[in-house]
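I opened a new notebook page for this structure.

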Amino acid sequence: MEKTTIESLGQFADKQVTLEGWLYNSRASGKVQFLIIRDGTGLCQCIIEKDKVSDELFEQLGHLGQESSLAVTGLVRADERSVGGYELAVTDAKIIASATDYPITPKSHGIDFLLKQRHLHLRSQGQWCIGKIRHTVIDAIRRFFNDNGFTLVDTPILTAAAGEEEQSLFEVDYFGEPLFLTQTGQLHLESAAMSYGKVYCFGPTFRAERSKTRRHLTEFWMVEPEVAFIELVGLLELAENFVSSIVARVLKDNKSQLESIGADIPALEKITPPFYRLTYTEACEILTSQRAKDFLAGQLEKFKNQKQQIESRIAQLEEEQKGQIKQWKRDKNAAELIELRSELAEVDTKIENNPKHAQLAAEFRWGKDLGGSDETIISQMHDKPIFVTHYPKQAKAFYMKTDRSNENVVLNFDCLAPEGFGEIIGGSIREDDFDRLVTRIKEQNLKQENYEWYLDLRKYGSVPHGGFGLGVERTVAWITGQKHIRQCIPFPRMMDKVYI
RNA sequence: UCCCCGAUAGCUCAAUCGGUAGAGCGAGCGGCUGUUAACCGCUAGGUUGUAGGUUCGAGUCCUACUCGGGGAGCCA
């Protein structure tokens, strides 16, 4: 009997095959059982009719627990009613290991519970889809740079010099001397760019920031390209082509996964160059403008309407529950009430945060860095990614090149994913003038002796150059429509919390 | 470091003014030949996060602690 996988069932229509996998869900209806099997490549509904198998097997399969492993043999047939378009009419099955009391049921669970069961949660459909998309994103990243003349350069994970600020680094005892886990490969990458021209590094990155939000992990994956002989305009074009190519690849390779997790496919199809371009000063004007005020007020209205609708529906259901109604209706109502109450809690949070964010935006003054909520507002006001460029010098790192036509700002950019997701890229043109760089190092009270090798790059054939870093988990979260990036890495490391 | 919210059955959540602790899912048993989170009937399942306090009486009020969620700052 030919073994195959669920994703290639289409090649075996009307043939006998064997599938090996795990029981994902099952239903029974007297003389027929429906077993949903997962094998790592997809889901397949297997039909067991009582008179097609032995009584003993029928009985065993009928009591098989979720996530039991098994091999099933049967006839492949196309059927629209089935999940993947094909189903298996089972003639024989072998239980490899039966499981009982699998903790993750097909119903809803809280996040803490799921993270504690992370080793098992990875098997569930949503996580499987996100993992497949993450795989495509990473492959698309490598493909893009490899196809465009970039050379991969692996930068060290243990670093002596701090990339930016030392308080956000994890310290490691390196034979009695302190070293730090890298938070960027950029400085090393700049030296490699002077060798190869166009380079990139791709690996894990570590930040000891005490940030407990949906956008933060302490360990995450970042890809950083660095290019010699490039100006800000060229860097933005590189970034928008890059991001667009990733989205296009996911749309091409993972349509079914995107659909399955409810991603906004039409919105993703709009992600093509050019992206929006705003200067920091323009962004600042938008935040303090009447337009932003109206926009936020409109949002608040919308949230309040949602809240009212949910509340009146809850009241209606609760009233029904008090009266004399059929048991099945009562059960349906109970399930809907639970859904509605959690929706209500979400809307309440939005209503609570809206005025705070509005105030932060209205009080925004030129010179401050853009905050998370400010980025969210700007991003919510656009349907494509936005580049925000030319930030105030004092809010940014020492290595960013000052704009020679306006010494108050630097030639940097952030790329904000649209519809409220926020920052996925940060980048800049690097200061290439030796004396200016020394001045910036001193201004920020950094020790020059730690940067001697970095300054050498400006001594020996300095050229205009720049690059950026893209966060993989933030990109995956944006593309898949996940609210929290912890679902976008298999084993998330969060502030003060590591489950497995 | 700061602000807000929460902890009740294995899981997700109810419990009005402080007055006998309840649903759904999951589990077990039974029924049904096409189910899509199937459906129907029955059964089991609880020291309400921990430690104190107020009260005739505490899931509910007060204090402390533990754990968790969201957000600010900072950032990919």
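I started with L217, which is buried at a relative accessible area of 5%. Buried means under 20% relative accessible area, exposed over 50%, and partly exposed in between (1.4 Å probe, protein chains only).

Before going on I noted the ground rules. This is a predicted model: local features need pLDDT of at least 70, side-chain atom pairs count only at pLDDT 80 or more, and totals for chains, interfaces and linings use all residues. Residues are numbered from 1 along each chain as its sequence is written, chains are lettered from A and ligands numbered from 1 in the order in which they are written, and side-chain values use heavy atoms, with hydrogens and water left out.

**L217.** I found L217 in the loop between β11 (198-206) and β12 (219-228). Strands here are DSSP runs (E, at least two residues) and helices are too (H or I, at least four), numbered from the N terminus. Leaving out residues up to four places away in sequence, L217 touches E473, I485, R486, I489, P492, R493 and M494. Contact means heavy atoms within 4.5 Å.

**Domains.** I read three domains in chain A: domain 1 (2-97), domain 2 (114-283 + 364-488) and domain 3 (293-353). Their bounds come from an automatic or database domain assignment. Domain 1 gives eight residues to its contact with domain 2, which gives five. Between them they bury about 480 Å², with 48% of it on carbon and sulfur atoms. Buried area is the accessible area (1.4 Å probe) that two parts lose on being put together, summed over both.

How many salt bridges cross the interface of domain 1 and domain 2? The rule finds one. A salt bridge is a side-chain nitrogen of Lys or Arg within 4 Å of a carboxyl oxygen of Asp or Glu.

**Charged pairs.** I looked at E67 next. Its side chain meets R123 in a salt bridge (2.9 Å, N to O). E67 also forms one with R38 (2.5 Å, N to O). E67 sits in the loop between α1 (55-62) and β5 (69-78), R38 in strand β3 (residues 32-38), 29 residues apart. E67 is buried at 6%, and R38 counts as buried at 10%.

I then checked E443 and R440, whose side chains meet at 3.2 Å, N to O, in a salt bridge. Both lie in helix α13 (residues 434-443), about one turn apart. Is R440 buried or exposed? R440 is buried at 5% relative accessibility, while E443 is partly exposed at 46%.

Last, I noted a network of salt bridges linking D139, R249, K252 and D253.
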